[in-house]
Amino acid sequence: MPSNESGIAAQTVTMNRPALGGIHVPSLTFFSTSSKQEIDWDTQNKHLRFLIASGVHGIVLAGTNGEAITLSRTEKSELVRATRKAARDLGAPNLPISLGTSGTSTRDVLDDCTAAKEAGADFALVLVPSFFHFAMTKDAICEFFEEVADASPVPVVIYNFPGVAAGLNVDSTMLDRLAKHNNIVGVKASPNLYIFYARRNTDNNIAYVRWHSQDHKTLRDIFDFTILRTRRPERLVDPCSFGWRHWLHHWSR
Amino acid sequence: MIPALSVGGTGCITGVGNLYPRSCVKIYDLYRAGELEAAQKLQYTLAVSELGFGDGGINGTKWVVGELLKYPESSRDCRRPYPKFVSQEKQEWILKQVRALEADEASLQKQAK
């Protein structure tokens with residue numbers, strides 16, 4: 001398996017937790033045109049069944065595509081239950097389900113994590129609270145994730161999306177620190193993390209990487225840097241060949 | 001996805017999967033099977049499609065997914081205040097852009113049956 005050859009035990013993480021590998025789809029959330037724009041469950045269930053029946057490896061609910069910030073906690077729980085039910089009906093009862101958190105306080109984020117667990121989700125995708133962005137130093141951001149991970153009943157995936165978090169970034173040195181936490185299992189990240197990505201490659205650590213940069217040149221520069229450090233440079237292909245804005249990657253330890 | 005897999009990634013999450021899930025899974029499977037050339041070929045096609053989702057925004061993504069999967073027209077809007085995707089010009093553009101992957105997806109669906 002190519003990913004093993006490049007130094008990663010790709011699918012060996014599954015001891016106590018569901019796998020994060022493969023293709024996970026951040027499901028859209030469909031709303032009716034009623035004045036309160038309630039969830040259109042007919043369409044929602046149809047869509048979830050379409051995705052699961054297509055053989056994807058996981059579903060992410062209340063991500064950016066799922067309009068997380070507009071959903072109530074009750075709705076998020078209902079989405080998880082509907083997805084789990086569809087997965088059971090379609091013969092994939094253990095399909096990994098991730099639920100996005102969108103709280104602006106540690107306490108609120110933790111309530112989302114608890115709701116995720118109770119509804120049957122496997123992972124919480126946690127965004128940095130950014131209302132008090134002026135107070136969120138690197139240490140403060142790390143402490144936030146550590147406090148959430150200490151108390152969350154489901155493993156935490158860091159959702160690093162500066163574009164919706166007042167520019168707050170979780171950089172590679174912060175990830176070095178956060179990767180040590182037993183309940184933090186991944187990170188979605190911006191392009192500069194590719195440097196980290198290649199570096200941690202040799203340590204068999206975990207990361208989710210997601211690009212939000214629109215700057216191809218920067219991406220290319222990063223890849224040049226990466227190529228110098230990967231064990232299997234011949235396996236790298238043109239970075240322009242993939243849909244870099246929507247991919248979320250991860251590796252396993 | 002392929003460059004990421006090549007440096008140790010084990011998967012990815014993509015909005016493209018809302019419309020063309022089988023193609024995304026196929027790229028992953030091809031790569032894992034060591035069929036790099038085929039994986040890259042499909043990835044190039046996907047990148048064309050992805051531009052539609054990326055530049056179309058969430059409202060554009062919902063509109064085009066609803067249009068091609070035949071979901072009710074009344075269920076394609078984002079919750080307010082996200083603007084509606086109503087420009088006919090943009091609708092035509094996103095349809096054309098994302099459909100780059102349509103034939104591959106259809107073929108994969110046919111194979112699965």
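Hi everyone, let's start with two helices in chain A. Helix H4 of chain A, residues 106-119, packs with helix H5 of chain A, residues 138-151, at an angle of about 35 degrees, and their axes are 10 Å apart. Please keep in mind as we go that this is a predicted model.

Which residues of H4(A) and H5(A) make the contact? From H4(A) we have A:Thr106, A:Val109, A:Leu110 and A:Cys113. From H5(A), the partners are A:Phe144, A:Glu147, A:Val148 and A:Ala151. Sort the residues of this contact by type and you get 6 nonpolar, 1 polar and 1 charged. As for handedness, H4(A) passes H5(A) in a right-handed crossing.

H3(A) covers residues 73-89, and H3(A) and H4(A) pack at an angle of about 30 degrees, with axes 9 Å apart. Angles under 35 degrees count as roughly parallel, so H3(A) and H4(A) are roughly parallel to each other. Their crossing, too, is right-handed.

Who meets whom here? On the H3(A) side you'll find A:Arg73, A:Lys76, A:Ser77, A:Val80 and A:Arg81. They meet A:Asp111, A:Asp112, A:Ala115, A:Ala116, A:Glu118 and A:Ala119 in H4(A). How many of the residues in this contact are nonpolar, polar and charged? The contact of H3(A) with H4(A) has 4 nonpolar, 1 polar and 6 charged residues.

A word about confidence before we leave chain A. The average pLDDT of chain A is 74, and 66% of its residues score at least 70. Where does pLDDT stay under 50 in chain A? One stretch is residues 1-17, for which the model has 49 contacts beyond four places in sequence. Another is residues 190-253, with 168 such contacts in the model. Where pLDDT is low, the predicted coordinates should not be read in detail.

Finally, let's visit chain B. It holds 5 helices and 1 strand, and along the sequence they follow the pattern α-β-α-α-α-α. If you draw a box around the C-alpha atoms of chain B along the principal axes, it is roughly 45 × 30 × 20 Å. Of the 113 residues in chain B, 50% are buried. And among the chain B contacts with a separation of 6 or more, 65% are between residues 24 or more positions apart.

How values were computed:
Residues numbered from 1 in each chain as written. Chains lettered and ligands numbered in written order. Predicted model: local features only at pLDDT ≥ 70, side-chain atom pairs only at ≥ 80, totals over all residues. Axes fitted to C-alpha atoms, helices over the stretch in contact; angles between N-to-C directions. Helix = DSSP H or I, 4+ residues; strand = E, 2+ residues; numbered from the N terminus. Left-handed = near helix turned anticlockwise from the far one by under 90°. Contact = placed C-beta atoms within 7 Å. Nonpolar A, V, L, I, M, F, W, Y, C, P; charged D, E, K, R; others polar. Parallel < 35°, antiparallel > 145°, perpendicular 65-115°, else oblique. pLDDT = per-residue confidence, 0-100. Buried ≥ 20, exposed ≤ 12 C-beta atoms within 10 Å, placed from the backbone.
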